Amino acid sequence: MRRLMFIAGLAVGYVLGTKAGRERYEQLKKSATRISQNPAVRNAAETAALSGREYAGKAYHSVSDKVGDNIPASVAERVRSLRSRNHNGEDDWGTTNT
């Protein structure tokens, strides 16, 4: 009898816990969506992405000037293949495929 009560208690606790957990998950999801739709947050994210692209470009040129032809052939080929994928010469960092 004790064992049956213990198992029943576990089952009830599990059901109530998962329901509360699901409700909390939905609250967090709604908050995250609301925050990500905030114009100030979107502007800050866009600014950070643009700055990151700018610094990545500067870093690429700085490293390639210092390293020169000492880059291993496999790395150089990979960079060339990635650059040739972008038909307009720009990278696609920070963008999403929709």
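This report walks through a predicted model of one chain, from its overall fold to a few side-chain details.

## Model and conventions

The model is predicted, so local features need pLDDT of at least 70 and side-chain atom pairs count only at pLDDT 80 or more, while totals for chains, interfaces and linings use all residues. Residues are numbered from 1 along each chain as its sequence is written, and side-chain values use heavy atoms, with hydrogens and water left out.

The mean pLDDT of the chain is 79, and 82% of its residues reach 70 or more; pLDDT is the predictor's confidence in each residue, from 0 to 100. Helix α1 (residues 2-36) has the highest confidence, with a mean of 86, and helix α3 (residues 73-85) the lowest, with a mean of 73. A friendly reminder: where pLDDT is low, the predicted coordinates should not be read in detail.

## Fold and surface

Three helices and zero strands make up the secondary structure, in the order α-α-α along the sequence. Both kinds of element are DSSP runs numbered from the N terminus: helices are H or I with at least four residues, strands are E with at least two.

Of the 98 residues, 1% count as buried. Here buried means under 20% relative accessible area, exposed means over 50%, and partly exposed is in between, using a 1.4 Å probe and protein chains only. The chain exposes about 9000 Å², of which carbon and sulfur atoms supply 59%; these areas come from the Shrake-Rupley method with a 1.4 Å probe, and for residues only the protein chains shown count as cover.

## The N-terminal patch

M1, in the segment before α1, is exposed at 78% relative accessible area. Together with L4 and M5, M1 forms a nonpolar surface patch of about 420 Å² accessible area. Patch members have over 30% relative accessible area and no salt bridge, with nonpolar side chains (Val, Leu, Ile, Met, Phe, Trp, Tyr) joined within 5 Å and like charges within 9 Å.

## Helix α2

Helix α2 (residues 39-67) has 29 residues and should span 42 Å at 1.5 Å a residue; its end C-alpha atoms are 41 Å apart, which agrees. The expected span is 1.5 Å times one less than the number of residues. At the start of α2, a side-chain oxygen of N38 comes within 3.0 Å of the backbone nitrogen of A40.

## Salt bridges

The whole structure holds two salt bridges, each a side-chain nitrogen of Lys or Arg within 4 Å of a carboxyl oxygen of Asp or Glu. E26 pairs with R22, their closest N and O atoms being 3.0 Å apart. These two residues are four apart in helix α1, about one helical turn. E26 is partly exposed at 32%, as is R22 at 48%.

In helix α2, K58 and E54 also sit four residues apart, about one turn, and their side chains meet at 3.2 Å, N to O. K58 is partly exposed at 49% relative accessibility, and E54 at 45%. An α-helix has 3.6 residues a turn, so residues three or four places apart point the same way.

Definitions and conventions
Polar contact = N/O pair within 3.5 Å; in protein donor to acceptor, adjacent residues only side chain to side chain.
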